[in-house]
Amino acid sequence: MRALKFQSLSRIKNPASSIQKGYRIVKKLFNQLTEITMVTDPIADYLTRIRNAQMANHRIVEIPASNLKKRITEILYDKGYILKYKFEDDNKQGLIKIALKYDANTKLPVIQSLERVSRPGLRTYAKPDELKRVKNGLGVSIISTSKGVMTDKEAKAQNVGGEVLCNIY
């Protein structure tokens, strides 16, 4: 980093250009610091972005991509919780664009609740017979198993357990 030298304004020939130069340096440092965003729980960030977009009545939400997030998005689409999705590849990790779904009559979001079950501080695992129904079978629980990411009903059908990522209804 460059250190700025402070001089009295009377000794500087063009003080306006020096102030602009200092401003540019500070702006560049700020941009470098804000580009680095560490997310300790990417699934919670994914769910929060969807939740916040729905609260603000947005039609589309953009989320940084990962293979796990892509699979969760596919499950949400298959179960009818989202309207459309698109995986875009940028030079970094990629983006997931999700078109949120709202009820035609009430204009309320189709997804009423997104809650993270297993989290980095307290992982939650369940055997196939221990998987609980969400909202008496109306909701979906997403499970990460040894056979991939799937819903709770698919995990019971294949008789596999795993980490309970989230509940959606």
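Reader: Helices are DSSP runs of H or I with at least four residues, strands are DSSP runs of E with at least two, and both are numbered from the N terminus. Where is the place of Asp41?

Author: Asp41 belongs to the loop between helix H1 (15-35) and H2. Please note that this is a predicted model, in which local features need pLDDT of at least 70 and side-chain atom pairs count only at pLDDT 80 or more, while totals for chains, interfaces and linings use all residues. Residues are numbered from 1 along each chain as its sequence is written, and side-chain values use heavy atoms, with hydrogens and water left out.

Reader: Is Asp41 buried or exposed?

Author: Asp41 has a relative accessible area of 12% and is therefore buried. Buried means under 20% relative accessible area, exposed means over 50%, and partly exposed lies in between (1.4 Å probe, protein chains only).

Reader: And which residues does Asp41 touch?

Author: Not counting residues up to four places away in sequence, Asp41 is in contact with Arg116, Arg119 and Pro120. Contact means heavy atoms within 4.5 Å.

Reader: Let us step back. How many helices and strands are in the chain?

Author: The chain has four helices and eight strands. Their order from the N terminus on is α-α-β-α-β-β-β-β-β-β-α-β.

Reader: How much of the chain counts as buried?

Author: Of its 169 residues, 33% count as buried. Among the contacts in the chain with a separation of 6 or more, 59% are between residues 24 or more positions apart.

Reader: Which residues have the most contacts inside the largest nonpolar core?

Author: They are Tyr46, Ile50, Ile72, Leu76, Ile98, Ile142 and Ile168, in a core of 25 residues. A nonpolar core is a set of buried Ala, Val, Leu, Ile, Met, Phe, Trp, Tyr and Cys residues joined through side-chain atoms within 4.5 Å.

Reader: Which elements give two or more residues to this core?

Author: They are helix H2 (42-55), strand E1 (60-64), helix H3 (67-78), strand E3 (95-100), strand E6 (140-145) and strand E8 (162-168). H2 gives the most, with five residues. Tyr46, leaving aside its neighbours within four places in sequence, is in contact with Ile63, Lys69, Ile72, Thr73, Leu76 and Ile98. There is also a second, separate core of seven residues, including Ala126, Ala155, Val160 and Val164.

Reader: Tell me more about H2, please. Which of its residues are buried?

Author: The buried residues of H2 are Ile43, Asp45, Tyr46, Leu47, Ile50, Ala53 and Gln54. What covers them includes E1, H3, E3, strand E4 (114-116) and E8.

Reader: Why do residues three or four places apart in an α-helix point the same way?

Author: An α-helix has 3.6 residues a turn, so residues at that spacing point the same way.

Reader: What follows H2?

Author: H2 is followed by Asn57, whose phi is positive, near 55°, although Asn57 is not a glycine. Asn57 sits in the loop between H2 and E1 and is exposed, with a relative accessible area of 51%. Lys107 is another residue other than glycine with a positive phi, near 65°. The loop between E3 and E4 holds Lys107, which is exposed at a relative accessible area of 55%.

Reader: New topic: how many aromatic pairs does a search of the whole structure find?

Author: The search finds two. Rings of Phe, Tyr and Trp (its six-membered ring) pair if their centres lie within 6.5 Å; planes under 30 degrees apart count as stacked, over 60 as edge-to-face and the rest as tilted.

Reader: Why is the pair of Tyr77 and Tyr85 edge-to-face?

Author: The ring centres of Tyr77 and Tyr85 are 5.3 Å apart and the planes are at 75°, so the pair is edge-to-face. For Tyr85 and Phe87, the centres are 5.1 Å apart and the planes are at 45°, so that pair is tilted. Tyr77, Tyr85 and Phe87 form one aromatic cluster.

Reader: What is the relative accessibility of Tyr77?

Author: Tyr77 has 37% relative accessibility and counts as partly exposed. Tyr85 is partly exposed at 29%, and Phe87 is partly exposed at 32%.

Reader: Which residue lies over the face of Phe87?

Author: Lys70 lies there, at 5.5 Å from the ring centre. A charge sits over a ring if NZ of Lys or CZ of Arg is within 6 Å of the ring centre and within 35 degrees of the ring normal.
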